[in-house]
Amino acid sequence: MRSGSMKFRRLVLMMTGAVTALAADQPVLIQNATILTITNGTIKGSILLRDGKIAAIGEKVMAPAGAKIIDGAGKFVMPGIIDCHSHIMAEAINEGSVSVSSMVGISDVLNPEDIGIYRALAGGVTTANILHGSANSIGGKTVVMKMRWGTNAETMKFEGAMPGIKFALGENPKRAGSAAQGAPGGAATVRYPATRMGVEDVIREAFNDAKEYKAKWAAYNGKAAKGEIVIPPAKDLKFEALAEVLDGTRLVHAHCYRQDEILMLIHVADDYGFNIRTFQHVLEGYKVAKEIAAHGGGASTFADWWAYKMEAQDAIPYNAAILVRKGVLTSLNSDDAELMRHLDKEAAKTVKYGGLTETEALSLITINPAKQLMIDKRVGSLEVGKDADVLLYDGHPLSNFSKVERVWIDGHDYFDRAEDISSRTKKELEKKALIQKASGGRGPGAPATLPAAQRVPNQ
Amino acid sequence: MRFLPVLSMAAALATAAFAADDSFIIKGATVHTIAGADIANGSVIVRNGKIMGVGKNLASPKDLKVIDGKGLHLYPGMIDAGTEIGLVEINSVRETEDTSEIGKFNPHLVALTAVNPESEHFPVTRFNGITSALTMPSGQLISGQASLIHLDGWTTDEMGIKPRAGMHLRMPVIAMPRGNAAVDSGDLGQALIARGSFTEAKRAFDKEMLDLNEFFESARRYMLTRSAMPPGTKPDLKLEAMIPVLEGKEPVLITAVREREIRDALAFADKQKIKIILCDSQEAYKVTKEIKEHNVPVILGPMLALPLNEDNPYEQQYTTPAELQKAGILFAIGTLEGKANLSSRNLPYQAAQAVAFGLPHDEAIKAITKNAAIIWGVGDQIGTIEEGKWADLILTDGDPLEAQTTVKQVFVKGKSSDMDNKQRKLYEKYINRPK
């Protein structure tokens, strides 16, 4: 059955997106456009994409030989959107049997044929942080991906991006502690913790163990360096990841809602000497913005989600604006394959709710998440030398009436709305022919269409 | 702080020294009547909650307080044509949810009964200019009566516009229940195994269709024999509630998502000779000819939704309104139940997404005002700015379909609504937290 499902997906992939070989791309020059650089103001002029990078931005840019010229009159150019919290591509979300699952990694279960990638592209997302779910106090290892649709999961990885790990606080990790809820898979087992107090304990215990683990290895390495013959300690993948957190080489992205649990994690992190790179969702972050800023943590939240669970009751759409005003590095994320398609429209809400400027609003989905993921030297704004991850809109990105027309990643053409539309008839015919072939020519024989898989929301 | 002027305006309205708080004249606004052309520098006279005059430069009656609408836009309040507002406070907390009763057939249950007027959702939703909604029960086959309500009022009695606006029926579907681990994990292969065979699903579907038809038949028998029953015979509340439906006086709101269910719903309407409104018909674009022929209106769900199938065009949900409009089908937009993270307050942005993908702007506004009112049988009461209608009005600083636009003041039945809410209180409190 599994291979059947993969076959179906492959068919879908062939239907919906162009799989293009990654040859050297023709330089692209967009002229006469309104260019929202995010970091250096707005320019009426041109932008040149060459050899995968932004080669020039200015009022007038000379077209190099062989460049493809695009008339951007009346159109807007902005950097590709960065989603700091997504679960697309992930074929498995939670390793729910234990509350500390730092031994697992999401990059082992990524499906490069997930249609969610193409849909995210069509909504302007070029980079996404792919995380595990929130069933574990300490979850699995996360990975940053570029939406290089049509390539493979390895090629899609954002080269050199700092790896991360998911933590989760509050209702979700303690839910598994309820016998009524049981563990994923249906078995009514009770798993510690069942309270927010227990969540704190689990995290502290894990870091105590990780410190001990590190000490053992340090002792061994010290002796080995002196030439002593010693037996090395056993490798433990669970603690390897936590040791990296303690060393500051793995970023912590912590799912959280209420102010008490946010403060708890800040205290734990301070005690053990590590940093929470982003508080995810962090719907009550506005209550403890001061403390988050003092810790040096970032916040990655929703524009206006609320009321879906008890711990989201004090969620307010002004959260992002307050966090920004109180000096917290803040981004908006999707956590959802649908929301991921309109992060631009979500950003627009922060202008109304809390009065952010347009640039501040757009920063929430570009340069700020780039900084949070420590990839801002490469992406997040339109600057010469940065990756050519660029969007072309038919209107201002913060208008609800605008849409993405073109998306380039590394200067390569990954989405072209006009091409998408014009190729549909051909793809439809191709699909019919493939179905005929697959059904052995037995009449129309179209397989029953499967509903798009619905995932458990990981809020 | 863009909304500070709103606060002061609300305060001014509250303390104004006029007797009736639901009588006033708005002057100088651009009036978007949605019944005809926009009126620049227009005036609207409201008395006792009703619109009594609409025009350009109307003289101010002496007894009416004047609200200056200069530089602002006046629209009819928006209508969410299908939602659960007031019936659910927190999705994941069972005790706060009153949408789904036990049992397959509950035509006698009325949503308005369970609406909590103090729900935090009301002020938060009004804040974006939504003044009424069709709030609906959901569940198995017939879940109850959807109620059209105002989003402001002291009691459910005051909020109710039409308590029995439509009987909600979910068309049987050939599918196994969702929610198993394999489906949740996105593993389609495993999901297929867990979902069981098509034969099983089809058998369950046939049974539901049979039960449904039988229920309608028993209701029809009840209706026909009722007059012959001896006096004092105990009424059957369920079957009694079916009579307006069978008499064609009340529409049946049929949730029919995919093409097969939509076709089934149209055939069912023919067979039972009932008036229907299609709901959440995400594949209506495939059946436009038949829907038009049947002259059936459609309540579309959120546009900001994923396509139903992996190989649908990426913008499938965005383009459906434009396709229905081109086919001449009357439709309105609702935010609909079961979409946990969507809320009624984002209704205008759902409509806006349709505009980005081809629906004319004025048609998008109609889909959340005038057309919703017509479909729910209250086109003479709400939905446009016209004389004789309830003064459900919103005063904005721009296009209400744009997220950056602020609704400065909402009027429900001529009363200025409190524009404050818990979320704004928390904002005020914490933006001012000392450093």
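Which residue just after α11(B) takes a positive phi? The legends below, drawn from a predicted model, begin with that helix.

**View 1. Helix α11 of chain B and the residue that follows.** Helix α11(B) runs over residues 347-356 and is mostly covered, with ten of its ten residues buried. They are Leu347(B), Pro348(B), Tyr349(B), Gln350(B), Ala351(B), Ala352(B), Gln353(B), Ala354(B), Val355(B) and Ala356(B). In chain B, these buried residues pack against two strands, β6 (78-83) and β7 (130-135), as well as α10 (316-326), β13 (331-333) and α12 (361-367). Chain A also takes part, through its helix α10 (343-352). Just after the helix comes the residue asked about above: Gly358(B), with a positive phi of about 110°.

**View 2. The two domains of chain B where they touch.** Domain 1 of chain B is made of two stretches, 1-77 and 383-435, while domain 2 covers 78-381. Between them, 25 residues of domain 1 are in contact with 30 residues of domain 2. On the domain 1 side, β14 (393-396), β15 (407-412) and α14 (422-431) of chain B each supply at least two residues. The largest share comes from β15(B), with three residues. Sorted by class, this side of domain 1 has eleven nonpolar, seven polar and seven charged residues.

**View 3. Helices α5 and α7 of chain A side by side.** Helix α5(A) spans residues 196-225 and helix α7(A) spans residues 259-272; their axes come within 11 Å and cross at roughly 15°. An angle under 35 degrees counts as roughly parallel, so α5(A) is roughly parallel to α7(A). Their crossing is right-handed. From α5(A), the residues at the contact are Arg196(A), Glu200(A), Ile203(A), Arg204(A) and Phe207(A). They meet Asp260(A), Glu261(A), Met264(A), Val268(A) and Tyr272(A) of α7(A). The residues of this contact divide into five nonpolar and five charged, with no polar ones.

View 4. His295(A) lies in helix α8(A), which covers residues 289-295. Is His295(A) buried or exposed? His295(A) counts as buried because 20 other C-beta atoms lie within 10 Å, and the cut-off for a buried residue is 20 or more. Leaving aside neighbours within four places in sequence, His295(A) is in contact with Ile266(A), Ala269(A), Asp270(A) and Ile276(A). Asn275(A) is 20 residues away from His295(A) in sequence, and their C-alpha atoms are 7.4 Å apart in space.

Note on methods: Residues are numbered from 1 along each chain as its sequence is written. Chains are lettered from A and ligands numbered from 1 in the order in which they are written. This is a predicted model: local features need pLDDT of at least 70, side-chain atom pairs count only at pLDDT 80 or more; totals for chains, interfaces and linings use all residues. Axes are lines fitted to C-alpha atoms, for helices over the stretch in contact, and angles run from 0 to 180 degrees between N-to-C directions. Helices (H or I, at least four residues) and strands (E, at least two) are DSSP runs, numbered from the N terminus. Angles under 35 degrees count as roughly parallel, over 145 as roughly antiparallel, 65 to 115 as roughly perpendicular and the rest as oblique. A crossing is left-handed if the near helix is turned anticlockwise from the far one by less than a right angle, and right-handed if clockwise. Two residues are in contact if their C-beta atoms, placed from the backbone, lie within 7 Å. Ala, Val, Leu, Ile, Met, Phe, Trp, Tyr, Cys and Pro count as nonpolar, Asp, Glu, Lys and Arg as charged, and the others, Gly among them, as polar. Domain bounds come from an automatic or database domain assignment. A residue is buried if 20 or more other C-beta atoms lie within 10 Å of its own, exposed if 12 or fewer, and partly exposed in between; C-beta atoms are placed from the backbone.
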